[in-house]
Amino acid sequence: MLAFVLRRVFQSIIVLLVVGLVAFSMFTFVGDPIDNMLGQERTQADIERLRQQLGLDQPFVVQYWNFLQNAAQGNFGVSYRQGRPVSEILLERAPATLELAAVSALFAMALGIGLGVFTAIRRDGVASNLIMSISLIGVSLPTFLIGILLIWVFAVELSWLPSFGRGEVVQVGGWSTGFLTSSGLKALILPAITLGLYQMTLIMRLVRSEMLEVLRQDYIRFARARGLRERAVNFRHALKNTLVPVITVTGLQLGAIIAFAIITETVFQWPGVGLLFINAIQFVDIPVMAAYLMLISVMFVGINLIVDLLYFAIDPRLRAGRGKGH
Amino acid sequence: MTDAVLSVRDLVVEIPTRHAVLKPVDGVSFDIAPGEILGVVGESGAGKSMTGNAVIGLLDRPAHISGGEILLKGQRIDNLPYARMRKLRGAEIGMVFQDPLTSLNPLLTIGDQLSETMIEHLGISQAEARKRAIAALDEVGIPGAADRIDSYPHEFSGGMRQRVVIALALCAEPSLVIADEPTTALDVSVQAQIIALLRRLCRERDTSVMLITHDMGVIAETADRVAVVYAGRLAELGPVAEVLGRPRHPYTEGLMGSTPAASAGRARLHQIPGSMPRLGHLPPGCPFHPRCPKAQDDCRADPAPTLAACNGRAACWHPVNSPESEAAE
């Protein structure tokens, strides 16, 4: 087990190094930052000075090594556009995105698993057929359209919920949270649904198909033949056996929720890292883009590591070498 | 027989399909007395398992009971609502499935699976259930039961798992156990042990057994009476020694002829020509007549012979080995 974890951590580091290389390459290959930073009126001396100051005159490998060292310490340089350390800007923006992602992930998982189980158990029911048909809409409509539709219905027509922003936020330590004010909570609803709807339908359809598969297994028949209650058969015996594939996909989707919050944040003008990234692209603010790329890859890798460990918690067959009974 | 544990009366199971309504079980009747072991033999698809599933109320849709009745200790159970039937399963009727490798939930310890069954039916505490689970494992011959109770199914061999399955089927002390091909998936060397175990435990508790198998040897060793099933109908029903020793139905005789015997030397094994008709393509008259060496004109005419219409032993118009047929020769 320890060997497995170490191997996975090692693999994760390799992945991060590769992503780091891509992120770093942007500095060298996507335009010349010197052009962006210095205005029209510049001298060759200015350019040389700045080039030296930023370390751009050094060989590629040395620059990469410096970049990695700085990145490992959370130092991604200074934003070209805002002139402030990138790490500071990211930390400021991260709570908004993480809170939004957490709420929509919770929404997607709770509703996805619940509805998935329901539609699998009541396979031929009217309600589950209806849910399955509606879920097709969730899968096929693009996120921005769902966002705009929700804004139109709930913000414009009904005026129940705000159409943009985070509402009032409270500072708790260095973390700005919208969970503690009613306007903050209200502001979360529409973006969270928009962001989580696709993942929710995906999880629901996956849980349903896995459940249908598991419900055909002999041990489910045997559980019924032993006279267990339907609830025990469905949840204790069946649902648990669907969890390995469901957790795999859910883990990846969780990463996707954070990574692709960009669109939702743009539609709802949500002040998170996604919106920051979009603005950074418009201004070719490479340090911000590179840092965002690294942040997302760290999250993906971290989530995958957790998913792998969860397998062990769920499936005893993977916990090899327990030494019992062999 | 009113004191029978299980009475099946003219049971009909139907599967509606787009083209026709199939009858995998068609007018099957039998009784099982307390402590009796009834063997049910037949080819694959003859309706053996379907009958077992109908008794415990676990037919897979769209199959359903469309006629006849099933009585457990004199009470009808075929028309019970799902919730009441559920309470009988495990508590009154236990079931052992064919494949022990897939019958146990891989993610729960065998102790958990035993406990949940006993807590559900016997209403005992978690601690008491654990104690009884260890005793149950001990009884089915799991060595070191107290240490193995927290093991997962994959940590046991196939034979050991079938022992666990038997412990599970018997742990709430049902009065009837349906064993659906309990040894088919096991090694030959383990088969005899499992059958002996099942027989011993049921004798000790006076539990009746409906033993579904296609293994004549198992039937000969274990069962008190035997029911031979062909194309969803009973072909022959009677005490084991009589049915196997002097089969009356030509089909049973054919089955006996196709069982290899160690003493028979290297003689070519007899086989019944043709194969069992598919459901929905049953011939008129006796379903066995196209393969029967003794078929005559009345066999091809409606209606098909039933046990009740014949002598109660073999559903055949021209039984072999019967006193009448021998007198005629």
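**Reading backbone, contact and annotation**

Q: Is Gln269(A) buried or exposed?

A: A residue is called buried if 20 or more other C-beta atoms lie within 10 Å of its own, exposed if 12 or fewer, and partly exposed in between, with C-beta atoms placed from the backbone. Gln269(A) has 12 other C-beta atoms within 10 Å, so Gln269(A) is exposed. This is a predicted model, in which local features need pLDDT of at least 70 and side-chain atom pairs count only at pLDDT 80 or more, while totals for chains, interfaces and linings use all residues. Residues are numbered from 1 along each chain as its sequence is written, and chains are lettered from A and ligands numbered from 1 in the order in which they are written.

Q: What is the phi of Gln269(A), and where is Gln269(A) found?

A: As a general idea, most residues other than glycine have a negative phi, and most peptide bonds are trans. Gln269(A) has a positive phi, near 45°, and is not a glycine; Gln269(A) sits in the loop between helix 11 (261–267) and helix 12 (273–282) of chain A. Helices (H or I, at least four residues) and strands (E, at least two) are DSSP runs, numbered from the N terminus.

Q: Which loop holds Ala231(B), and is Ala231(B) buried or exposed?

A: Ala231(B), also with a positive phi, of about 50°, although not a glycine, lies between strand 9 (225–230) and strand 10 (233–239) of chain B. Ala231(B) counts as buried because 24 C-beta neighbours fall inside 10 Å.

Q: Where is Pro62(B) placed, and is the peptide bond from Arg61(B) to Pro62(B) cis or trans?

A: The bond from Arg61(B) to Pro62(B) is cis, with omega near 5°, and Pro62(B) belongs to the loop between helix 1 (48–56) and strand 4 (64–72) of chain B.

Q: How many residues does the contact take from each chain?

A: Two residues are in contact if their C-beta atoms, placed from the backbone, lie within 7 Å. The contact takes 28 residues from chain B and 23 residues from chain A. On the side of chain B that touches chain A, helix 2 (82–88), helix 3 (100–103) and helix 4 (110–122) each supply at least two residues, and helix 4 of chain B gives the largest share, four residues.

Q: Which residues of chain A does the UniProt annotation "domain: ABC transmembrane type-1" cover?

A: UniProt positions are given in the numbering used here, feature names are shortened, and annotations may be inferred rather than shown by experiment. According to the unreviewed UniProt entry, this annotation covers residues 94–311 of chain A, a stretch that is 79% helix and 3% strand.
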